[in-house]
Amino acid sequence: MHTRTQGPALIAVGLLVAASGALTGAGASAQTTSAEVTGIGVSIAFTDYRLDWMNERAREFEEAHPEYEISVQGFDDYEALLQSVTLAAQQGDPPAIAQYFEVATQEARDAVNSEGEPLFASVEAAIDGRTEILGEPVVLDDIVTAVADYYTIDGEFSSMPWNTSSTLFYGNASIMEAAGIDAAPETWAEVEAACDAIMALDDAPSACITWPNHGWFFEQSIAQQGGLLANNDNGRAGRADEVQLDSSEMLSFVEYWKSLADAGHYVYSGTQRDWDYTTNSFVAQEVAFILTSSGDGTALVTDGAEAGFDVVASRMPYNGDADYAGNLIGGATLWLVNGLSPEQSDGALAFMQFVNNPENAASWHRETNYIPITNSAIALLEEEGWFAENPYASVATDQLALADGSPAARGALLGGFVQIRDIMTLAMEDVLVSEADPAERFEQASAEAQEALESYNSLYAEE
Amino acid sequence: MGVEESIRRPSKHDELRTSPTPTTVESSPARWRGRSRGLRRPTWPTHLMLVVVVAVLVGPVLYAVLVSTQSNNDLFSFALLPGDRLDDNWDVVWNERQLGRFMLTSTVVSVIIAFGKVVTSLLAGLAFVYFRFPGKWVVFGFVLVTLLMPTEISILALFRQVSDLGWQEAGPWGLPPLGLTVPFFASATGAFLFRQHFANLPADLSEAAQIDGVTPFQFLFKILVPLSWNAIGALLVIQFIYGWNMYLWPLLLQPDDQLVQVGLGGLRNADQGQAYGPLMLGALLASIPPILVFLVLQKPFMRGMAIGRDK
Amino acid sequence: MYPLLAAAVLAGALVGRRAWLRAGLRGVTGMVVGALAGFVGPLAVMNPIRSCTFDDERGGVDRALGILLFAGGAALAVGLAVWIVNAVARPAGPRAARDITFERGSFRGHRFFPFGLLAPTLVILVLFLYRPMVETFRLSTHEVRTTAPRQPFVCLDKYTRLMEPTIEWWAIGPAALLAVVLVANVVLARRGAVAPSLRKIRDLLVVLVVVAWATAVFGARYRGVFTTTLVLTTGTVVLSLALGLAIATLVSQKIRGRGVYRTLLIWPYAISPPIAGILFYVMFDPLVGIIGNVWETLTPFEMPNYRTEKWLARFVVILASVWKTIGFSILFYVAGLQNVPTDTLEAAQIDGAGPLQRFRHIVIPALAPITFFLIISNVTYAFFEVFATTTYLTTGGPSGATTDVMFALVQAATEQGNFGDGAAQSVILFAMVLAVTGWQFRSTGRRVTYGR
């Protein structure tokens, strides 16, 4: 009976495989402090070439500061990162630095560890007025204005800015030329006119323009028009406890978007936050224009060249009927975990400054097209003629420099922002796909967002 | 988890049914074959229909094989011939995204879970069938009720509990995180399977064993287990696949060593923007182990679930 | 709340007395035990939530839920008492209990040894199944987020927020019909006539009414989720069973290579739900999908984009799920078809019944136990596993068209870190599972024992 040998064989195979599991060692980014070396854990939400870049900087820092050991851990997305960091903090073993994205700034400030202490410490407070830490010059006061405006709260930086982008317009130069469009459209009306011209071509693409259905685009448009999302000066004069998603500025944007869709100019991928679809469509020349993050610039230009067309980069189109207030930043910052020993804290701060020093900030920009975060970095790049060779690279920086510093242009500081973004994109999807009436649907969304904010505040706000 | 229910239900039937278990099927005469005996009908229509059905079932996978060799441009132009990007796609999947690591972790975790469930279920089956103890039917009911409470229902609370224990971190001796294996060691399905199976064995077995002065453990391992390879094999297949297919739990837990179904998600954005080739290649690679296990252990699987007998 | 308590105690006393008398015991004991159960049960349920649903500022829905919980607690406690009495009082015990205490030459002299054997199973079940279950109920009444400094108690707000009962014509209609049928049944019974078809209609109407009223209870937001779950579940189950049976019939015929066909039909079961989602995601992709290409080549129409068309999205999700699970149904139907009694079939054929009639009246009833089992398996799959497919295939679908209960709950917990909402939705899902299981047991459980 062959089953007699089959059984033991099963067990043998199983044990063998299980034993090979001993080879799956894991490396958690834990803090270790041996007598000589202080360990610094860095958690970032990149798993591609950006993670590699960070690892290279970590090795360089270790060479300059042999008493420190930096271990960088990459995550697929910010949610996974925050979960890992909070759990690690609960077990008393958190990393020193955690990257968290811009709209989660309020949540990061409110976050509390298992002892009830704030999870993160203020970076500027930790720097405490020093001009250099462990030999690394402090670059905090050299940060580009728009970025400083966003991340300065109550007059100080809670976190260290790092990867920053803005929303840009990219156009397919060949199609634009064929339709007789000399310059990229700057206002909403110009976009409509350009699309009319393009779609009238004989070999018109299947649609004119697309962009991901993501909260960022709503926030940008409202900021451009000088509108506010939340009370208390967009949450910057005091904690925001009222959010409004059906302001006139929001509805103008939604209706403009809807009219583009109705005219067949705007195509929706069907999935919210679908960045890849938009860039793929653009590269495949299914659309002539896209709005996307400046961080995608290099890839678009390269892929476009490969596919045989030039790419034009320009500012994000704005509402010509309103006074332009400014575009927002996007991206993330590096937060310093609270409760570290002085050596760890200094090492972490020094690493943050190192990563943003002029050479490194310039290198980061060159590789990823995130904006050069300090003025010295911009100067360096200008000197080497980088912007002259790559005109698309300076568009984001130039656009951000146009902001007027008002609360609208600085962007909202809001709790539960992620959930509120989801509410916005779901409402928009209903408008695009289910023919919902914009005013009604966004009024409903506004109520939902208010509820979400109140839930959030009931948890985090001081009583 | 849905497949777990598959084994348990026949056992419940068997309790309610008055007919004997299907061991007698083969020997019974005249089973319905969908056609009256003696009538000659052409079989080619049936073959044709079955081939069409098989083609539909196999089609997506064949398409995946094709796409794994192509680049995005090939896809945009709907090329029907294999492309030349297999190496590049493999590089993205295996080296950049490290799918191999996820697959290894999944393999180890699935094997551990499968064997864990078999062991606890064997012990439970032994206890229910070969021992008398007070409150037996209360305990039985206690285990039975859990069939109505699949893990998914309380998964959020379970996540909080397990992460409080710190079990999302790598386990001792390089084993996978405990949170991926220990909570799943018990199996009501398995307990029922073995209970049913042991109950169908000849009564004199244990009597003879007791006369010989055999201890319960010796009885279990030397006598019962060798008679239960089919049931064990069936349970192993089902639980291995259950472990391999785990998606929600590792998604929530975010263990230090992640499992393959969640790891596949990383391929969606691989290679700087959506690349379909690596995505399909990864999906295919991640399907090979469970299919292999299923094919290799097909016979015990079918027999263990008391189906698939035909002449 | 006190009048409610008095009512519960009284009801408990009456029911207890009747149950005790039926079991051949003294009615007074029954009254006392029943009254006690009627007192303790509701309090046990209301205590954890501190009877908050009866606070002054609470609205109608809260009170209704509160009364429901109250009654539920009483019913559970009294029912438990009755069940114990029945099980213990009957000398031989129910047949199932006898089967359970089934012994085959037990090992003697090992008092606590069996508990040791059962310890691993029991410990794991208690720690990782029962305990989280209880905790889920607790979480559903609090506002819980991972990094929050506190967890405020919010009573049943997480449930009432999802509920906005409205009176809809499609809920009233079936209810009215059901009332008519019930009355007709009673009238006919009085007259001694029996109408089995009326009973079937009644069962169907009961299901319709329950589903319609449940949908009407939920507010606009959750109603969509509930409806989506219904659509996806029904679609998957019906298609999987119907097609599975058809294919099983084909494969059960006397043809060569039957075993090979069987293996070729079953293997998709080894594919995971996420991978099924990935495969169909690429196949139906609006830009590069092969299905769109084939469709546009063969027909003059443009292939609609399943990511923006709600019903197409649901169809594709159902398709992917059926593709993956149909092998399972085929497997069990093949086994079931082998057990269909030929003597009845031959008798019917002699009597002149055609193949379709034979199929309908003999084969299908004979497959009832398998169908029962497959319905439960497929419903379980649809509730818990389709979510993994939708995550990769539609991420919740255009405008929430493929967001089912499981997806919504996971979204609440992962995207928003809102464990309180997620827990409340888990409890609703649990109620749905119990409802379906109960329904299947009631309607088909009786027919599971077939005569030989």
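Me: How many residues of chain A are in contact with chain C, and how many of chain C with chain A?
Reply: In this predicted model, 32 residues of chain A are in contact with 23 residues of chain C, and the area buried between chain A and chain C is about 2400 Å², with carbon and sulfur atoms giving 49% of that area.

Me: Why is the meeting of A:Glu451 and C:Arg221 called a salt bridge?
Reply: The side chains of A:Glu451 and C:Arg221 come to 3.9 Å, taken from N to O, and a salt bridge asks for a side-chain nitrogen of Lys or Arg within 4 Å of a carboxyl oxygen of Asp or Glu, so the pair meets the rule. Across the interface of chain A and chain C, the rule finds two salt bridges.

Me: What makes up the side of chain A that touches chain C?
Reply: At least two residues each are supplied by α3 (78-90), α12 (275-283), α20 (417-433) and α21 (438-460) of chain A, and α21(A) gives the most, with eight residues. By kind, the residues of this side divide into eleven nonpolar, eleven polar and ten charged.

Me: Where in chain A does pLDDT stay under 50?
Reply: Residues 18-33 of chain A are such a stretch, and for them the model has 35 contacts beyond four places in sequence.

Note on methods
Residues are numbered from 1 along each chain as its sequence is written. Chains are lettered from A and ligands numbered from 1 in the order in which they are written. This is a predicted model: local features need pLDDT of at least 70, side-chain atom pairs count only at pLDDT 80 or more; totals for chains, interfaces and linings use all residues. Side-chain values use heavy atoms; hydrogens and water are left out. Contact means heavy atoms within 4.5 Å. Buried area is the accessible area (1.4 Å probe) that two parts lose on being put together, summed over both. Helices (H or I, at least four residues) and strands (E, at least two) are DSSP runs, numbered from the N terminus. Ala, Val, Leu, Ile, Met, Phe, Trp, Tyr, Cys and Pro count as nonpolar, Asp, Glu, Lys and Arg as charged, and the others, Gly among them, as polar. pLDDT is the predictor's confidence in each residue, from 0 to 100.
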